[in-house]
Amino acid sequence: QVQLVESGGGLVQPGGSLRLSCAASGSFFSINTMAWYRQVPGKERELVATITSGSNTNYVESVKGRFTISRDNAKNTMYLQMNSLKPEDTAIYYCNAVVLVRLSDTRVLWGQGTLVIVSS
């Protein structure tokens, strides 16, 4: 049973920082691209950032220069460092990963979500 578990959400004041983590556990062969999404209730889920197995990254325009996505392949863990947070960053953040569970068995997995609230 392969699963993704997020941590690190919480309440922070505007201008503050948070670091989200997403750890993969269970039995699998490798992890390909990983990503962070976020969703505000009543709105569509938004792609925030992606990172390939080779650590190439991409960001949605609204977080460029403020958020940094990274991964530690030895720990099967992905991170999202969020700086200069704004109230509009308030959302539930989900991690996503393309996991090669075994040869010819690729799955797209989601974490359970972690809530980030940016408010004074």
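Arg38 and Glu46 form a salt bridge in this predicted model, with their closest N and O atoms 2.8 Å apart; a salt bridge here is a side-chain nitrogen of Lys or Arg within 4 Å of a carboxyl oxygen of Asp or Glu. Arg38 is buried, with a relative accessible area of 7%, whereas Glu46 counts as partly exposed at 30% relative accessibility. These classes follow relative accessible area, with buried under 20%, exposed over 50% and partly exposed in between (1.4 Å probe, protein chains only).

Arg38 also forms a salt bridge with Asp89, where the closest N and O atoms are 3.0 Å apart. Arg38 lies in strand 4 (residues 30-39) and Asp89 in the loop between strand 8 (77-82) and strand 9 (91-102), so the pair ties together parts that are 51 residues apart in sequence. Both residues of this pair, Arg38 and Asp89, are buried. Arg38, Glu46, Arg66 and Asp89 are linked in a network of salt bridges.

A search of the whole structure finds six salt bridges. Another of these joins the side chains of Lys64 and Glu61. Lys64 is partly exposed, at 46% relative accessibility, and Glu61 is exposed, with a relative accessible area of 59%. The following table lists salt bridges described above.

| Arg38 | Glu46 | 2.8 Å |

Glu6 presents another arrangement of a charged residue. Glu6 is placed in strand 1 (residues 3-7). Glu6 is buried yet has no salt bridge, and the nearest side chain of opposite charge, Arg45, is 7.6 Å away. The side chain of Glu6 reaches two backbone nitrogens: that of Gln112 at 3.0 Å and that of Gly113 at 2.3 Å. Such polar contacts are pairs of N or O atoms within 3.5 Å; within protein, one atom must be able to donate a hydrogen and the other to accept it, and residues adjacent in sequence count only if both atoms are side-chain atoms. Leaving aside residues up to four places away in sequence, Glu6 touches Ser21, Cys22, Trp36, Tyr93, Tyr94, Cys95, Gly111, Gln112, Gly113 and Thr114, a contact being heavy atoms within 4.5 Å.

The largest nonpolar core has 30 residues, of which Trp36, Phe67, Met78, Leu80, Met82, Tyr93 and Val99 touch the most other members. A nonpolar core is a set of buried Ala, Val, Leu, Ile, Met, Phe, Trp, Tyr and Cys residues joined through side-chain atoms within 4.5 Å. At least two residues of this core come from each of strand 3 (18-25), strand 4, strand 5 (46-51), strand 7 (67-72), strand 8, strand 9 and strand 11 (114-118). Strand 9 supplies the largest share, six residues. Leu80 touches Leu18, Arg19, Leu20, Trp36, Phe67, Thr68, Ile69 and Tyr93, again without counting residues up to four places away in sequence.

Two serines have backbone angles of note. Phi of Ser84 is near 50 degrees, a positive value in a residue other than glycine. Ser84 lies in the loop between strand 8 and strand 9 and is partly exposed, at 40% relative accessibility. Phi of Ser104 is near 70 degrees, likewise a positive value in a residue other than glycine. Ser104 is found in the loop between strand 9 and strand 10 (105-110) and is exposed, with a relative accessible area of 81%.

For the chain as a whole, the secondary structure comes to zero helices and 11 strands. Helices (H or I, at least four residues) and strands (E, at least two) are DSSP runs, numbered from the N terminus. The chain has a radius of gyration of 14 Å, which agrees with the value near 14 Å that a compact globule of 120 residues would have. The radius is taken over C-alpha atoms, and the globule rule is 2.2 Å times the number of residues to the power 0.38. Along the principal axes, the C-alpha atoms fill a box of roughly 50 × 25 × 25 Å. Buried residues make up 40% of the 120 residues. Of contacts between residues at least 6 apart in sequence, 52% join residues at least 24 apart.

Residues are numbered from 1 along each chain as its sequence is written, and side-chain values use heavy atoms, with hydrogens and water left out. Because the model is predicted, local features need pLDDT of at least 70 and side-chain atom pairs count only at pLDDT 80 or more, while totals for chains, interfaces and linings use all residues.

Definitions and conventions:
Lys, Arg positive; Asp, Glu negative; His and termini not counted.
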